[in-house]
Amino acid sequence: MKKKAIQSLYVHIPFCIQKCNYCDFVSYPLKDCNELCAEYGPLLVKELVLYDREYDFSRLKTIYIGGGTPTIYPDLLSLIYYLPQPKSEFTVEANPGTVSYDQLRDMRQMGVNRISFGVQSFNDARLGQMGRLYCRKDVKDAVYMAKEAGFENISIDMMYGLPGQTSEEWEDELEQAIALKVPHISAYALTLASGTPWSEAVRRGELSVNDDLAGDMLMHTRQQLKNAGYNQYEISNFSFPGYECEHNINYWKRANYLGIGINASSCIDDYRFTNLQGREYADAINEGHKPVASSELLTVREMISETIFLILRTDRGLNLREFKAQFGVDIMEMFSSEIIRLKALGLLIEHNGYLQLTEKALPVANQVFCRFV
Ligand code: SF4
């Protein structure tokens with residue numbers, strides 16, 4: 001059997017110092033899971049070996065170690081040592097206040113060439129409210145240390161639409177992000193996930209969020225970052241030319257990716273699956289099984305919908321010729337009435353053989369994507 005080529009590998013490190021007040025990711029406070037943490041690196045390596053017979057990693061382009069907070073994981077450097085070397089991009093996610101110069105230098109020397117800091121805010125009061133354990137000075141120090149350690153490709157994640165956040169406050173946050181002169185900035189709207197302390201506080205009326213204001217903030221972000229030389233290459237992602245995140249671009253192109261680690265997800269052609277959590281993950285691997293919790297085989301129609309709404313997130317948009325070559329159907333015929341309606345509403349355009357979202361569509365992109373499901 002011919003092995004399927006994997007273009008991107010995601011490695012999930014589920015440990016954090018403490019849980020942030022808005023977070024519903026699968027992550028555990030490190031102090032509560034010392035045993036799991038001690039065996040986690042070998043488990044990840046064993047999991048990778050389990051896939052060796054089916055998948056070909058020789059053309060691996062990108063690796064992304066995310067979390068959680070990978071930089072608090074004590075065996076991070078050994079893990080990096082055991083992972084295959086990607087041809088192009090090797091990212092590690094980090095939180096300010098959890099990195100040292102030596103750690104950054106060692107990662108850089110071991111082939112990690114991109115660092116992504118989860119900054120979220122430069123406002124110390126906000127950071128405290130979010131449950132993040134660092135301050136503005138730590139952010140600046142972390143970025144400075146990363147540059148000193150040889151990282152050119154640095155990204156920072158920011159978050160807008162926070163409870164009580166004003167447009168002026170967000171403009172100031174962006175100014176501080178721009179002042180760091182990093183080549184990549186991600187700006188995400190807060191999502192109030194149910195069961196988190198913040199969603200409970202909103203339910204009780206103690207906090208409030210304004211979705212309309214968040215839409216305006218996205219449009220403002222686009223303009224302010226454009227003025228500073230950043231291109232919005234995806235709804236939430238901005239970069240200097242040549243610094244787009246290749247790993248995420250592979251997701252949006254629906255390239256094959258394997259995720260390893262607790263709760264990691266994978267998508268390989270029409271097969272999508274998600275891993276087990278907690279001890280169940282460890283037990284499955286120790287018994288020699290793939291730690292898969294759920295899986296599904298996508299229909300062609302589902303793959304078509306997914307392809308459309310993932311690639312429409314990008315500024316390049318959907319290449320009409322490539323789409324027809326891949327699926328054997330013309331999207332302009334398959335979704336003709338939806339496309340005519342969305343064009344008439346000024347939400348979609350056809351340009352040089354590509355179908356693209358318009359600027360007007362950006363704050364309502366999810367409503368556009370629904371038309372293709
Ligand atoms: S650091 Fe990230 S993963 Fe960890 S609790 Fe906070 S938001 Fe969640």
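Mentor: A nonpolar core is a set of buried Ala, Val, Leu, Ile, Met, Phe, Trp, Tyr and Cys residues joined through C-beta atoms within 7 Å. Please keep in mind that this is a predicted model.

Trainee: How many residues has the largest nonpolar core, and which have the most contacts inside it?

Mentor: The largest nonpolar core has 64 residues. Those with the most contacts inside it are Leu-9, Val-11, Ala-146, Met-158 and Ile-185. Strand S9, residues 153-160, gives the most to this core, with five residues.

Trainee: What does Val-11 touch?

Mentor: Leaving aside residues up to four places away in sequence, Val-11 touches Leu-44, Ile-63, Ile-65, Ile-260 and Gly-261.

Trainee: Turning to helix H5, which of its residues are buried?

Mentor: In H5, the buried residues are Asp-138, Val-139, Ala-142, Val-143 and Ala-146. They cover an arc of only 130 degrees around the axis, so they are on the same side of H5. On the other side, Lys-137, Tyr-144 and Glu-148 are exposed.

Trainee: Why would residues three or four places apart point the same way?

Mentor: An α-helix has 3.6 residues a turn, and therefore residues at that spacing point the same way.

Trainee: What do the buried residues of H5 pack against?

Mentor: They pack against helix H3 (101-109), strand S8 (114-120) and S9. The length of H5 can be checked too: its 13 residues, 136-148, should span 18 Å at 1.5 Å a residue, and the end C-alpha atoms are 19 Å apart, which agrees. Just after H5, Gly-150 takes a positive phi of about 105 degrees.

Trainee: And H8, which of its residues are buried and which are exposed?

Mentor: Met-217, Leu-218 and Thr-221 are buried in H8. Seen down the axis, the buried residues of H8 fall within an arc of 105 degrees, so they line one face of the helix. The face turned away from that buried side carries the exposed residues Asp-212, Gln-223, Lys-226 and Asn-227. The buried residues of H8 pack against S9, H6 and S10.

Trainee: New topic: what domains does the protein have?

Mentor: The domain assignment gives domain 1 (4-251) and domain 2 (300-370). Their C-alpha centres lie 28 Å apart. The contact takes eight residues from domain 1 and seven residues from domain 2. On the side of domain 1 that touches domain 2, helix H8 (211-227) and strand S11 (231-234) each supply at least two residues. The residues of that side divide into five nonpolar, two polar and one charged.

Trainee: Are Gln-120 and Lys-181 buried or exposed?

Mentor: Gln-120, in strand S8, counts as buried because it has 25 C-beta neighbours inside 10 Å. Lys-181 lies in the loop between helix H6 (167-179) and strand S10 (184-189). Lys-181 is exposed, with 12 other C-beta atoms within 10 Å.

Notes
Residues numbered from 1 in each chain as written. Predicted model: local features only at pLDDT ≥ 70, side-chain atom pairs only at ≥ 80, totals over all residues. Buried ≥ 20, exposed ≤ 12 C-beta atoms within 10 Å, placed from the backbone. Helix = DSSP H or I, 4+ residues; strand = E, 2+ residues; numbered from the N terminus. Contact = placed C-beta atoms within 7 Å. Expected span 1.5 Å × (residues − 1). Arc of directions from axis to C-beta. Domains from an automatic or database assignment. Nonpolar A, V, L, I, M, F, W, Y, C, P; charged D, E, K, R; others polar.
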